[in-house]
Amino acid sequence: MKIVHGSVQWNKSLSKLVSVVMMGGVLGGCTAGPQWPWVFNPPVANVPSQQGLPPTVIRQPVGSPSVGSTTAPPSTNTTIPRQPVNYPAGLRGDYASYPALRQFIGKMNSQHGFDIAFLEQTFSGVQRDKEALTKAGAPTEGQVWRAYRPIFLTEERINGGVDFWNRHAALLDAATRQYGVDTEYLVAIIGVETQYGKNTGKHNTLQALTTLGFDFPRRASFYQKELEQFLLLSREEKVRPQIFNGSYAGAMGLGQFISSSYRSYAIDGNRDGKRDLWNPQDAIPSVANYFAKNGWKRGGGVAVPAYVSGAGYASIAEATPKKPSRTLGELAAKGVRPQGAINSAKVSLIKLEGTTDEYWVGGENFYAITRYNPSSKYAMAVHQLAQEIRKRKFGF
């Protein structure tokens with residue numbers, strides 16, 4: 001049937017056509033792009049910049065001459081301006097001249113699928129953290145035991161530990177039941193690390209890790225690996241990397257997890273879809289999980305003072321943490337006698353250096369604490385603080 005212009009059929013057909021076009025536009029506009037468009041793109045070949053190129057020329061097809069025409073209609077060239085490409089203009093800022101950072105960006109692209117433009121934009125905003133460099137050069141663990149201990153064994157931390165335990169008793173009890181880690185040690189770790197959340201650190205994590213990764217040669221490899229883990233963590237948690245704050249060494253949250261530990265051990269305790277280590281609901285089970293995965297045995301011995309005599313003990317004394325490999329009988333044969341009972345299948349002789357050295361018999365749980373921080377002084381501070389908190393809370 002022939003449809004006449006202006007007829008009822010003509011108007012109905014025109015209305016249907018308009019509806020289809022409008023619906024297509026609406027559906028097209030509903031397509032959701034990624035939340036972080038530069039983070040999640042897979043590796044692609046470098047696309048040449050379109051800046052300075054001439055406009056795209058689209059040539060319309062030439063139709064056949066109309067009947068009776070003696071000449072073909074002229075070709076029509078339509079010029080459409082190119083749309084700007086929203087890529088950051090390369091690497092800028094404090095680290096723009098660092099070839100090692102450019103290599104790192106290439107690695108993150110090729111191995112993990114980060115978009116180069118996103119990383120260039122991210123690192124262009126990084127400023128060198130001079131304070132982090134200063135602190136990394138003189139860590140607290142460099143002090144002798146007698147100077148180190150008073151930093152953590154204070155009335156404020158002991159009373160703060162009791163208060164933290166009282167306020168979060170349900171969370172702590174649940175973590176102890178689920179992961180088998182003695183409660184006082186969960187409290188003490190958070191007390192040593194951040195004074196129960198009072199001091200989680202004011203260094204921008206991205207800036208601290210970049211600074212130590214590219215301006216601190218002695219441990220550059222370690223910090224570059226943590227920077228890699230940090231970017232992966234940011235992507236997993238769907239959070240911009242610029243917003244994290246923590247210690248000068250890149251540790252975060254109540255328990256001060258470095259990025260690799262965050263990815264490996266952090267728990268979404270309140271099941272809200274985030275692993276937020278600044279929230280006790282996530283931080284407490286995360287610390288417990290860390291200890292459990294590193295060999296903590298509930299009710300096991302940690303450390304007791306030791307008497308030493310003769311010349312044999314000196315050859316087995318360990319100032320640097322090592323996995324316990326001896327029995328109490330083997331220690332006794334070397335002139336080592338613990339001053340109390342210690343429930344541990346394997347033990348070691350711990351030496352805390354100072355003007356006068358201290359000797360302790362450490363068990364498997366003592367070694368588990370050193371997996372959190374590879375320092376015997378650190379582990380001993382956690383142990384002694386845990387014991388003092390428990391005494392203050394229960395009277396024994």
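The model is a predicted one, so to speak of local features takes pLDDT of at least 70 and side-chain atom pairs count only at pLDDT 80 or more, while totals for chains, interfaces and linings use all residues. Numbering runs from 1 along each chain as its sequence is written, and side-chain values use heavy atoms, with hydrogens and water left out.

The largest cavity holds about 70 Å³ of space, with volume taken as the space filled by probe spheres set on the points, which are joined across faces, edges and corners. It is lined by 14 residues, of which Pro321, Lys322, Ser348, Ile350 and Phe366 sit closest to its centre; a lining residue has an atom within 4 Å of a point. Strand S8 (348-352) and helix H14 (364-370) each put at least two residues into this lining. By class, the cavity lining splits into six nonpolar, six polar and two charged residues. Here Ala, Val, Leu, Ile, Met, Phe, Trp, Tyr, Cys and Pro count as nonpolar, Asp, Glu, Lys and Arg as charged, and the others, Gly among them, as polar.

Then there are the pockets, open sets with protein on both sides within 12 Å along at least five of seven lines. The largest pocket comes in at about 1,300 Å³. Its lining has 42 residues, and Glu141, Glu193, Tyr248, Ala249 and Asn373 are the closest to the centre. Helices H4 (130-137), H5 (145-152), H8 (183-194) and H10 (220-237) are the elements that give two or more residues to the pocket lining. That lining is made up of 19 nonpolar, 15 polar and eight charged residues.

As for the chain overall, 15 helices and nine strands are present, assigned as DSSP runs numbered from the N terminus (helices H or I, at least four residues; strands E, at least two). Of the 396 residues, 41% are buried, meaning under 20% relative accessible area with a 1.4 Å probe, protein chains only.

Mean pLDDT (the predictor's confidence in each residue, from 0 to 100) is 83 for the chain, and 78% of residues reach 70 or more. Residues 1-5 fall below 50, with six contacts beyond near neighbours in sequence, a contact being heavy atoms within 4.5 Å. Residues 17-88 are also below 50, and that stretch has 57 such contacts. Where pLDDT is low, the predicted coordinates should not be read in detail.

Definitions and conventions:
Buried means under 20% relative accessible area, exposed over 50%, partly exposed in between (1.4 Å probe, protein chains only). On a 1 Å grid over the protein atoms alone, a cavity is a set of points where a 1.4 Å probe fits but cannot get out, and a pocket is an open set with protein on both sides within 12 Å along at least five of seven lines; lining residues have an atom within 4 Å of a point.
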